[in-house]
Amino acid sequence: MLLYANSESGHSYKARSFLLLANVAHEYRWIDLNTPRSERPAEFVAVAKFGEVPVLVDDGRALCQSNAILIYLAQKFGVLRGEPSEWQSVLEWLSWETNRIGFSVPNLRFSLRWDKQPADVLSYLRGRAMVDLRTLDAFLSSSDYLLKSGPSIADISCSAYLFWLSQAGIAEAEFPNVQRWLSSLSKLRGWLHPDDALAKPAQR
Ligand SMILES: N[C@@H](CCC(=O)N[C@@H](CS)C(=O)NCC(=O)O)C(=O)O
């Protein structure tokens, strides 16, 4: 299994995290996102339907979109997918993540670190991020993980960018249930912080 990813990409981190937590043998190939899309390695351009990381190649098949990759992996390996009765909830969390926490926090972080934006844009993104974190915090006040049965791809997806929350200018401590949840996830066997999980591998 081959994963194309980048060290600053929380979307990449979701796929890498699954592979590490499930102890799946794979190769990580780092893609330089500062290179224009057309100038990225031809092998990546050929499989990246949307031009973005992550892309997972398995048995000659290229898979794109981080949450779709998580669904594929959970179904293929039969782990981190909760009970059959919880699958609807998995899909709800992954869909929520796409439009909410996976939109607000990454864009706020990106705007603060690499692509400076006007104050009203930052305020809009921060406002959305705070609403999303409150939603998560409220849910986690009565549950250890997003599914009652334990850790799953719902947690991997919704937490991905939150290990970099301080880089979005938000203090984890403002959301104590989120903080406890992140701490629990970080204790799972195989877990690595995104800075370590996505560190650029030595050149091939
Ligand atoms: N919806 C996509 C988002 C992927 C995405 O935004 N990837 C970014 C890095 S986090 C990327 O490849 N950006 C570089 C580019 O667009 O050229 C997913 O969930 O995989």
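Guide: Gladly! Helices and strands here are DSSP runs, a helix having at least four residues and a strand at least two, numbered from the N terminus. This is a predicted model. Read from the N terminus, the elements of the protein follow the order β-α-β-α-β-β-α-α-α-α-α-α-α, which comes to nine helices and four strands.

Now to the part you asked for. Two packed helices are described by the angle between their axes and the distance between the axes. Helix 1 covers residues 10-21 and helix 3 covers residues 66-77; their axes lie 9 Å apart at an angle of about 10 degrees. Angles under 35 degrees count as roughly parallel, so helix 1 is roughly parallel to helix 3. On the side of helix 1, the contact is made by His11, Lys14, Ala15 and Phe18; helix 3 brings Ser66, Ile69, Leu70 and Leu73. Sorted by kind, the residues of this contact are five nonpolar, two polar and one charged.

Stepping back to the whole protein, 35% of its 204 residues count as buried. The C-alpha trace spans about 45 × 45 × 25 Å along its principal axes. Its radius of gyration is 17 Å, which agrees with the value near 17 Å for a compact globule of 204 residues.

Notes. Residues are numbered from 1 along each chain as its sequence is written. This is a predicted model: local features need pLDDT of at least 70, side-chain atom pairs count only at pLDDT 80 or more; totals for chains, interfaces and linings use all residues. The radius of gyration is taken over C-alpha atoms; the globule rule is 2.2 Å times the number of residues to the power 0.38. A residue is buried if 20 or more other C-beta atoms lie within 10 Å of its own, exposed if 12 or fewer, and partly exposed in between; C-beta atoms are placed from the backbone. Axes are lines fitted to C-alpha atoms, for helices over the stretch in contact, and angles run from 0 to 180 degrees between N-to-C directions. Angles under 35 degrees count as roughly parallel, over 145 as roughly antiparallel, 65 to 115 as roughly perpendicular and the rest as oblique. Two residues are in contact if their C-beta atoms, placed from the backbone, lie within 7 Å. Ala, Val, Leu, Ile, Met, Phe, Trp, Tyr, Cys and Pro count as nonpolar, Asp, Glu, Lys and Arg as charged, and the others, Gly among them, as polar.
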